[in-house]
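I opened this model to look up a few packing and pairing details. My notes follow.

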Amino acid sequence: MSEHVLRIENLTVSLPSWADRPHAVNGVSLEVMRKEILCVVGESGSGKSVMAKSILRLLPEPHVRVTGGRVLYEGQDLLALPADGIRSVRGGRIAMIFQEPMVALNPLMPVGRQTDEIIEVHTRLRPAERRKRIVEVFGDVRLPEPERILSSYPHELSGGQRQRVMIAMALVLEPALIIADEPTTALDVTTQAQILKLLRELQARHGTAIMFITHDFGVVAEIAERVAVMREGALVEHGRAEDILLRPQHPYTRALIAAVPSLVPRHVLREGETQQTKRNLLTISDLEKTYAARGGAFSMTRERVRAVAGVNLAVPKGRSLALVGESGSGKSTLARCIVGLERPDRGAILLEGTDIAGLSRTRMRPYRKALQMVFQDPFASLNPRWRVGDIIAQGPIVNGTPQKTALGEARELLQLVGLEPKAADRYPHEFSGGQRQRIGIARALAVKPKLIIADEPVSALDVSVQKQVLDLLDDLRTTFDLSMLFITHDLRVAAHVCEEIAVMKDGAIVEQGSTADIFARPQHDYTKALLASVPGRDWQSKCPAR
Amino acid sequence: MQGFWHRFLRNPRVALGLLWLGFIVTLAAGASIIAPVSPFAIVAKPFAPPLGEFLFGTDSLGRDQVAGLVHGARTSMLIAIIATLAAVAFGTLVGAIAGFYGGFVDDALMRITEFFQTIPSFIFAIVLVAILAPSGTSLVIAIATVSWPPIARVVRGEVLTVKSREFVQAAVVAGQRDLAILLGQVLPNTLSPLIVTGSLLVANAILIESALSFLGLGAPNLMSWGFQIGAGRAFLRDAWWLVTVPGVVILVTVLSINLVGEGLNDALNPRLRDL
């Protein structure tokens, strides 16, 4: 156990002059032991990915480059190797798995051929032997029908299968170390759970060391044997997984762990306060939306995608309803139908008794004030050329509030969401992701809506910021007597802010009820699978920190 | 924006280009002071060699070459800039409407744009000037007519990407009207590629204008660089400077505009060049 595979000594990576800090990685020393899974955890900008990339010299040089330290593998410094020396290490002795398998795989080449290339470059095996090895490793990563997958193109596989192919490519030469850079972040929770399980199994069977980069403490709890926590390019704390997860020493680690929302629902409906006791603000019945996927110019058949297939849903007044589902379940399309960004094909959306489904832009305008939306990406949702004050005041001005009043109110709103009033005179790029999301929330509140539809409002944010934004939304809900439809893929987030939950799959609601009920007694198989897939469930229940 | 000016002006190629363009614009602006005599006036005997009484000599009719160049700068720059502005305005309008509304409108407008793009632009310009009768205005119309399609395509592409950004959806949800969204939210965010394409278009306009004037299709009462080359063409062996000097001036001016345009591109999208 004491023997190490990789030893990083005092690694320093410099950033170009226009970056906000001089070093991406600053004096990090770390060891990866033989046959262990080391998790490197950190928020965005902590330098964890840059550190991983510099091991195999994959940095975008010359702007981002290593300026100090050594990376020792089998006694030789990888940073000092000549170009063909490092090439034989890459893929052969140290392999890498990337975050987004769709981008990491060549879309024009069958996945079998892509895997074959690795063996071809590194060994002298004959084609038949190579093929045998590929089939073997595809079977190893539990790809169904390896022979068929071999000649499939990446787009013919599901996200989980693509990531399995990536893992197979990493494993094919039995490397001593696999560096996995957020390999499950782009996947759905249920797929993520399967991939994590697979990695653990493979690691046990092959004895490969894995350096696993992630931002998610749940994932760490599932997979790690040792943990290293990074912050702003420096190593904050490292040690055995149990120690770090259950008895974190450094205040930063403690704060990070405390920021992971609990799976225990916070808002519990009181006795007798069932769904019927409150009037519904929004009632959706039999809503359908079908997209005609555009076939090729010569294809006779037109594929149709039923994004929303007969949804019935009610948002009670003053409550917060979580709409949970995996990617492609149609939850975002549903939200876009409600706010009128998309026209449903069939069904009704009753807002306090008035049907607003499929209204034209002009006829929808009077109802806009009641429905507002908080968007997912805080970097795309604010116009970079407008001042923050103007962005917030835009809604009221359109609705006839005099400009001066609206701008004054915008300043008050900024204060309410925890920013300084003088932020109104600045431009969006001067703010961080979390601050921008606060601005987005202020914009939604500016027209005094009755219902806020939040489409994954925290999924682009770091954990610590995530919690603050969630708490803010929760506070504002009581202050403004808002109802909320909260779209998320993350059950922890749902448990943190919503007293009711609806689970969506393939365009339909499979289960709806109070969060506490559904978490305690899930009825539908899919809900059960979702709950079982939340990473780090067991860890949180025994974590004394909460 | 400070970063932009810093990146832009510190680029040596931009500095060189701006220096030359500044020189040409000063000449053009002060043409009637620098060369008070009409450029068509006969001032000396024909074919006076350069660096004598006149800096660049005289042409076949005894007209001062320097006066011609200075007044030519005014003509070329004015026509090129006005034509480019017209092309940018029209191209932006077409591209913005096509990109913003999509569907049938987009199809119709883009087919028209492609129709204009498929006609060889210079021959089209010749035909237009021939129909409209040579004059400053018809030059502007001809150059603008053949130059707008690329602008329309650039703007359409940018509008398509900006339109799908969430802040535009936020404006829709806020209840803003289409025109306000297009003018206030979408178009300002398409400016940087538009500025770059537009600046490079000026160089192209100068080339078309010179070529038309060379063929005798320029404005009859306006001196221009292309006209000077056309007039001196027959005497290339006897008086090389008649063709060479205006030719070099056109070359350096077009090169300068290209350098500045590239510099604009680098300064507006620093990441593209660096990473």
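I count two strands as paired if DSSP finds at least two bridges between them. The model is predicted, and I kept that in mind throughout.

**Strand pairing.** I started with strand 3 (residues 37-41) and strand 8 (residues 209-214) of chain A. They pair in the parallel sense, over five bridges. I looked up Ile37(A): its bridge partner in strand 8 of chain A is Ile210(A).

**The sheet.** Next I traced the sheet in chain A. Six strands form an open sheet with mixed pairing, in the order 6-7-8-3-9-10. Strand 6 (94-97) and strand 10 (234-240) of chain A each have a single partner strand, so one side of each lacks a neighbour in the sheet. On average, neighbouring strands of this sheet are turned by 15 degrees against each other, direction ignored.

**Helix packing.** I then checked helix 7 (residues 159-171) against helix 8 (residues 189-206), both of chain A. The angle is about 20 degrees and the axes are 10 Å apart. Angles under 35 degrees count as roughly parallel, so helix 7 of chain A is roughly parallel to helix 8 of chain A. The crossing is right-handed. Helix 7 of chain A brings Gly159(A), Gly160(A), Gln163(A) and Leu171(A) to the contact. Helix 8 of chain A meets them with Thr191(A), Gln194(A), Ile195(A), Leu202(A) and His206(A).

**Between chains.** Last, I looked at where chain B touches chain A. Chain B gives 16 residues to the contact and chain A gives 21. Helix 8 (residues 166-174) of chain B supplies the largest share of the chain B side, eight residues. The chain B side has eight nonpolar, five polar and three charged residues.

How values were computed: Residues numbered from 1 in each chain as written. Chains lettered and ligands numbered in written order. Predicted model: local features only at pLDDT ≥ 70, side-chain atom pairs only at ≥ 80, totals over all residues. Contact = placed C-beta atoms within 7 Å. Helix = DSSP H or I, 4+ residues; strand = E, 2+ residues; numbered from the N terminus. Nonpolar A, V, L, I, M, F, W, Y, C, P; charged D, E, K, R; others polar. Axes fitted to C-alpha atoms, helices over the stretch in contact; angles between N-to-C directions. Parallel < 35°, antiparallel > 145°, perpendicular 65-115°, else oblique. Left-handed = near helix turned anticlockwise from the far one by under 90°.
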